[in-house]
Amino acid sequence: MRIEHIAIWVKDLERAKAFYEMYFNGESNDLYHNEKKDFKSYFMTFESGARLEIMKKGHVTDPPSQTMTGWAHIAFSVGSREKVDELTDRLKKDGFAVVNGPRTTGDGYYESVIEDDEGNLIEITI
């Protein structure tokens with residue numbers, strides 16, 4: 001058994017798509033649009049085969065909250081400490097908030113945590 005994909009709601013679908021393409025080498029399918037439900041989505045596929053569905057419905061504008069239950073973050077493994085540092089620096093220079101790190105955590109992970117354009121947390125690990 002394996003996880004087939006994970007989905008995330010976004011306010012700006014095209015900006016989210018560009019983010020995952022630019023920084024995480026995601027490849028997108030064509031836009032799916034269900035006009036009746038006012039729903040749009042893209043599936044982003046990554047080198048490992050993992051998939052992320054980015055979704056938008058209507059005019060939803062509520063920001064994410066870090067004080068709720070549910071999914072906390074998505075993590076991307078980039079292969080080395082150097083690549084964690086490089087991608088973190090690149091994202092920081094491009095204006096994204098670095099929430100934590102790069103650092104070695106108490107359980108031995110080398111990671112950084114950044115926020116995307118909409119405040120969703122993304123962990124970058126070895």
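Predicted model: local features only at pLDDT ≥ 70, side-chain atom pairs only at ≥ 80, totals over all residues.
Which residues lie nearest the centre of the second largest pocket?

**View 1. Lining of the second largest pocket.** Phe46, Glu47, Ser48, Phe76 and Ser77 lie nearest the centre of the second largest pocket, among the 20 residues that line it. The volume of the pocket is about 480 Å³. Helix H1 (13-24), strand E5 (51-57) and strand E6 (74-77) each contribute at least two residues to the lining. The most comes from E6, with 4 residues. Sorted by class, the lining of this pocket comprises 11 nonpolar, 5 polar and 4 charged residues.

**View 2. Glu47 in the loop between strands E4 and E5.** Glu47 is located in the loop that runs between strand E4 (39-45) and E5. Glu47 is one of the residues nearest the centre of the second largest pocket. Its relative accessibility is 83%, so Glu47 counts as exposed, the cut-off being over 50%. Glu14 is 33 residues from Glu47 along the chain, and the C-alpha atoms of the two are separated by 21 Å.

**View 3. Helix H1 and its buried side.** The 12 residues of H1 should span 16 Å at 1.5 Å a residue, and the distance of 16 Å between its end C-alpha atoms agrees with this. Buried residues of H1 are Leu13, Ala16, Lys17, Phe19, Tyr20, Tyr23 and Phe24. These residues are on the same side of H1 because they cover an arc of only 160 degrees around the axis.

**View 4. Lys17, a buried residue of helix H1.** Lys17 lies in helix H1. Its relative accessible area is 17%, so Lys17 is buried, the cut-off being under 20%. Neighbours within four places in sequence aside, Lys17 makes contact with Ser28, Tyr42, Met44 and Ile54.

**View 5. The largest cavity.** The structure holds 1 cavity of 30 Å³ or more. The volume of the largest cavity is about 60 Å³. Its lining consists of Val10, Asp12, Arg15, Ala16, Phe19, Tyr20, Asp116, Asp117, Glu118 and Asn120. By class, these lining residues are 4 nonpolar, 1 polar and 5 charged. Ala16, Phe19 and Tyr20 of this lining are among the buried residues of H1.

View 6. Helix H2 covers residues 81-93, and its 13 residues should span 18 Å at 1.5 Å a residue; the end C-alpha atoms are 18 Å apart, in agreement. Val84, Leu87, Thr88 and Leu91 are buried in H2. An arc of only 100 degrees around the axis holds these residues, which means that they are on the same side of H2. Glu82, Glu86 and Lys93 are exposed on the other side of H2.

Key
Residues numbered from 1 in each chain as written. Heavy atoms only, no water. 1 Å grid on protein atoms, 1.4 Å probe; cavity = no way out; pocket = protein on both sides within 12 Å on 5 of 7 lines; lining within 4 Å. Points joined across faces, edges and corners; volume = space filled by probe spheres on them. Nonpolar A, V, L, I, M, F, W, Y, C, P; charged D, E, K, R; others polar. Expected span 1.5 Å × (residues − 1). Buried < 20%, exposed > 50% of the residue type's maximum accessible area, 1.4 Å probe, protein only. Arc of directions from axis to C-beta. Contact = heavy atoms within 4.5 Å.
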